[in-house]
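Please look at the sequence and the structure together before reading on.

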Amino acid sequence: MAVKKAYRLIPIGDLRLIQRSEVDDDSRKMLQGLTASMKSRGWPSGTPLPVRTSEDGKYEIRTAGLMFQAARDAGLKVIPCVICFDAD
C-alpha cells in the first residue's frame with residue numbers, strides 16, 4: 001500500500017497529540033532547549049511535523065511530541081506539516 005503525502009502549514013490549534021509520553025528530567029531539559037530555540041528562530045527549517053487527518057477534520061500527531069510541545073510552549077501559531085495518508 002502506497003502512502004501519499006501533502007505539505008501544509010497547519011494552525012497549532014488544529015493539531016492534537018495522540019500519544020503523550022512521560023516527561024523525565026532529560027526530556028524536560030530537551031523540551032526547554034527546543035522551546036527557547038523556537039522562540040528565537042521559529043520551527044526548524046526542513047523538518048515538517050508528520051501528521052494524519054482525524055475524523056473530526058483536525059490532525060493527529062503520533063511522533064515528535066516534544067517538537068509539538070515546544071512549538072506550543074514557544075507560542076508558534078502555525079507548524080509546517082507533512083500530511084500522510086494511505087493511498088487506496
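Predicted model: local features only at pLDDT ≥ 70, side-chain atom pairs only at ≥ 80, totals over all residues.

## Helix H1

Helix H1 comprises 17 residues and extends 24 Å from its first C-alpha to its last, close to the 24 Å expected at 1.5 Å a residue. Just after H1, Gly-42 adopts a positive phi of about 85°.

The buried residues of H1 are Ser-27, Leu-31, Thr-35 and Met-38. They lie on the same side of H1 because they cover an arc of only 75° around the axis. The face turned away from this buried side carries exposed residues, among them Asp-25, Lys-29 and Arg-41. The cover over the buried residues of H1 includes H2.

## The largest nonpolar core

In soluble globular proteins, nonpolar side chains tend to be buried together. The largest nonpolar core in this model has 19 residues, of which Leu-15, Leu-49, Val-51 and Ile-79 touch the most other members. At least two residues of this core come from each of S2, H1, S3, S4, H2 and S5. H2 provides the largest share, four residues.

Ile-79 has contacts beyond four places away in sequence; these include Leu-15, Leu-49, Trp-43 and Phe-68.

## Asp-73 in helix H2

Asp-73 belongs to helix H2, which spans residues 65-74. Is Asp-73 buried, exposed or partly exposed? Asp-73 is partly exposed because its relative accessible area is 40%, a value that falls between the limits of 20% for buried and 50% for exposed.

Not counting residues up to four places away in sequence, Asp-73 touches Leu-31, Thr-35 and Lys-39. The C-alpha atoms of Asp-73 and Thr-35 are 6.3 Å apart, although 38 residues separate the two along the chain.

How values were computed
Residues numbered from 1 in each chain as written. Heavy atoms only, no water. Buried < 20%, exposed > 50% of the residue type's maximum accessible area, 1.4 Å probe, protein only. Contact = heavy atoms within 4.5 Å. Core = buried A, V, L, I, M, F, W, Y, C linked by side-chain atoms within 4.5 Å. Expected span 1.5 Å × (residues − 1). Arc of directions from axis to C-beta.
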